[in-house]
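Here is the note you asked for on this entry. Please read it with the coordinates open.

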Amino acid sequence: MIKIYNTYSKKVEEFKAIKDKKVGMYTCGPTVYDYDHIGHAWNYTTADLLRRTFEYNGYKVKQVLNITDVGHLTSDADSGEDKLEKSAREAGKSATEIAAFFTKIYFENRKKLNLEKPSVVAKATKHIKEMIKLVQILLDKGFAYTTSDGIYFDTSRFSDYGKLSGNTLEGLMEGARVEVNMEKKNPTDFALWKFSPIGSKRQMEWKAFGRLGFPGWHIECSAMSMKYLGSTFDIHTGGEDNIFPHHESEIAQSESATGKRFANYWFHTRFLLIDGQKMSKSLKNFYTIKDLEDKGYSALDLRYLFLQAHYATPINFTWESLEGSKVARGKLNDFILSIKGRGKVDKNYKEKFLEKINNDLDLPGALALAWLMIKDNKVSDFDKKATLLDFDKVLGLGLAKLKKEKIPEEVLKLVKDREVVRKNKDWTSSDELRHKICDLGYLVEDTTSGSIVKKK
Ligand SMILES: [Zn+2]
């Protein structure tokens, strides 16, 4: 039994799949107009851990990930400049080029973080027809209306609007900013489709509803999730900042169109903080995977750091904690590499591991359990290795692919020479040789059974 926190019910619930051992999962993907940062990495890693947890429990997961390659507007309130076209204009490139560039980087980062490949990658620009069809259904059913600048969803027709974010419709209406668009029926109404302003030419626009225009921000996720997963599917994931208005609006437009429940479970990852503060470009604490690599860390060190946090509480990133993660991951790798051969998965520890991950993804508990087992004298080293490799199906630290690094001949020779001078108690030469080895990028450690050499 898997238990997860459902934002919709605001409770930890037992997960029940629609179809026995199958899970339909939709993950809100990136808007590809800028570099993705480690906050995004945290969000996509938790979705990956969720997916792997299902798979470890024997479910077959169909994960759909969208790529927003048609810009939504810079303001959440359906106004402002298109993020993609703005980025393209600033870079002197086309919007299509910008989207292709950042999509490539996004997938490279996913690979580095060892995230499983989505079953379907759905690009918004390839699903315009489906979006137009959905907007038309909403118009036909009277849930949408046309104004001079676009087609809007009438939130007063959907009484559950606000349920996901824990708001009432009245509360949201009162809290809405002073309305600039006098044609909207209610301040909470949102754009399903926008018309291109008359007299201006957009890079991305399509002929529909008798004019040129482009989709509103939320419609793509409804159209694409339902296309690949059906009107009702199991679980929808995203970041906490997606809850309102994005996911709230997805529910309203999808359920109004189909008359059915949209997603059964809503899984949201809380914010990633940097030294206790929100990440932002103006605070200069905006980090990408590349920034981490430049400082000598790998994306897997970051993944290890993520394993020590719970998705439903904000995570605090510090360079010290990343360093700690790097050291711990190194020790885990060394342990795996030091054991030749493999035993059997320890049933007792596997059971405990399942209990942890199935308890609302208690990855910190699962990781602590792995270390507890490593220190347990009652389990053989061979069995420990087999069990860790089994746990890694969820942890995703790439333990099965670890290879002993090849030490260059030049370094090995210096290590041998050093062993000789050490036997002769020539400590001066020993130190000199250690420095030479160090200059080549390697560290030498002296143990009772001889010297061990490692990459710095
Ligand atoms: Zn979305």
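This is a predicted model: local features need pLDDT of at least 70, side-chain atom pairs count only at pLDDT 80 or more; totals for chains, interfaces and linings use all residues.

1. Zinc donors. The zinc ion is held by the SG atoms of C28 and C221 and by NE2 of H246, at 2.0 to 2.2 Å. Along the sequence these donor residues follow the spacing C-x192-C-x24-H. C28 sits in the loop between β3 (22-27) and α1 (38-56), while C221 belongs to helix α6 (residues 219-229), so the two cysteines tie together parts that are 193 residues apart in sequence.

2. Buried means under 20% relative accessible area. C28 has a relative accessibility of 5% and therefore counts as buried. C221, at 1%, is buried as well.

3. Cavities. There are four cavities of 30 Å³ or more in the structure. By class, the lining residues of the second largest cavity are seven nonpolar, two polar and no charged.

4. Salt bridge D48-R303. The count of salt bridges comes to 23. One of them pairs D48 with R303, with the closest N and O atoms 2.9 Å apart. D48 is in helix α1 and R303 in helix α9 (residues 299-307), so this pair ties together parts that are 255 residues apart in sequence. Both D48 and R303 are buried.

5. Salt bridge K194-D149. Here the closest N and O atoms are 3.4 Å apart. K194 lies in strand β8 (residues 190-195) and D149 in the loop between β6 (144-146) and β7 (150-153), so the pair links parts that are 45 residues apart in sequence. K194 counts as buried at 10% relative accessibility, whereas D149, at 25%, is partly exposed.

6. Salt bridge D381-K384. These side chains meet at 3.8 Å, N to O. D381 and K384 are three residues apart in helix α13 (residues 381-395), and are therefore separated by about one helical turn. D381 is partly exposed at 40% relative accessibility; K384 is buried at 5%.

Notes: Residues are numbered from 1 along each chain as its sequence is written. Side-chain values use heavy atoms; hydrogens and water are left out. Donors are N, O and S atoms within 2.8 Å of the metal (3.2 Å for Na, K and Ca); water is not among the atoms, so sites may look incomplete. Helices (H or I, at least four residues) and strands (E, at least two) are DSSP runs, numbered from the N terminus. Buried means under 20% relative accessible area, exposed over 50%, partly exposed in between (1.4 Å probe, protein chains only). On a 1 Å grid over the protein atoms alone, a cavity is a set of points where a 1.4 Å probe fits but cannot get out, and a pocket is an open set with protein on both sides within 12 Å along at least five of seven lines; lining residues have an atom within 4 Å of a point. Grid points are joined across faces, edges and corners, and a volume is the space filled by probe spheres set on the points. Ala, Val, Leu, Ile, Met, Phe, Trp, Tyr, Cys and Pro count as nonpolar, Asp, Glu, Lys and Arg as charged, and the others, Gly among them, as polar. A salt bridge is a side-chain nitrogen of Lys or Arg within 4 Å of a carboxyl oxygen of Asp or Glu.
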